[in-house]
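Welcome, and thanks for opening your viewer. Let us walk through this model together, one selection at a time.

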Amino acid sequence: MEEPWDFEFLSRIVDGFVSFLSEFVDDWLANDMRVSIFKILFSWLVVSLIAIHFAWKFYGNTVNDMYYRQGTGGKNGGTPDPAPHRSGW
């Protein structure tokens, strides 16, 4: 039979997470230099990810077509046959 969940352990994890979030919010609202730097870097990361998303949405098909192997044969639609092995080298 399965052992019951240890709710004390789960309660400790939830309490730790809640205390981390409350401390994070307190730091976020403070006018501290490290918080300002974090906000700037976090904003830069979010804007960069959004820009990458829209760039891929706009140019993704073009990039995919550039690397698509044209032709027939092979299991990857144009994979060349391996070069013959040369002995004596």
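Start by selecting Lys-39 and Trp-28: the charged end of Lys-39 sits over the ring of Trp-28, 4.9 Å from the ring centre. A charge counts as sitting over a ring if NZ of Lys or CZ of Arg is within 6 Å of the ring centre and within 35 degrees of the ring normal. Before moving on, please keep in mind that this is a predicted model, in which local features need pLDDT of at least 70, side-chain atom pairs count only at pLDDT 80 or more, and totals for chains, interfaces and linings use all residues. Residues are numbered from 1 along each chain as its sequence is written, and side-chain values use heavy atoms, with hydrogens and water left out.

Rings of Phe, Tyr and Trp (its six-membered ring) pair if their centres lie within 6.5 Å, and planes under 30 degrees apart count as stacked, over 60 as edge-to-face and the rest as tilted. How many aromatic pairs does a search of the whole structure find? There are six. One of them joins Phe-24 and Phe-38, edge-to-face, with 6.1 Å centre to centre and 85° between the planes. Because Phe-24 lies in helix α1 (residues 7–29) and Phe-38 in helix α2 (residues 33–67), this pair ties together parts that are 14 residues apart in sequence. Helices here are DSSP runs (H or I, at least four residues), as are strands (E, at least two), and both are numbered from the N terminus.

Now look from Phe-38 to Phe-42. Their ring centres are 5.9 Å apart and their planes are at 15°, so this pair is stacked. The two residues are four apart in helix α2, about one helical turn.

Buried means under 20% relative accessible area, exposed over 50%, and partly exposed in between (1.4 Å probe, protein chains only).

**The salt bridges**

Next, look for charged partners: a search of the whole structure finds two salt bridges. The term means a side-chain nitrogen of Lys or Arg within 4 Å of a carboxyl oxygen of Asp or Glu.

- Select Arg-12 and Glu-8, whose side chains meet at 3.0 Å, N to O. Both lie in helix α1, four residues apart, about one turn of the helix. Arg-12 is exposed, with a relative accessible area of 59%.
- Select Arg-34 and Asp-27, where the closest N and O atoms are 3.7 Å apart. Arg-34 is exposed at 53% relative accessible area, while Asp-27 is partly exposed at 27%.

**Along helix α2**

Move to Ser-48, which lies in helix α2 and is partly exposed, with a relative accessible area of 27%. What does the side chain of Ser-48 reach? It reaches the backbone oxygen of Trp-44, at 2.8 Å.

Then highlight residues 37–59, which UniProt lists in an unreviewed entry as "transmembrane region". Over residues 37–59 the chain is 100% helix and 0% strand, and the end C-alpha atoms are 32 Å apart.

**Zooming out**

Buried residues make up 2% of its 89 residues.

Note on methods: UniProt positions renumbered as here; feature names shortened; annotations may be inferred. Polar contact = N/O pair within 3.5 Å; in protein donor to acceptor, adjacent residues only side chain to side chain.
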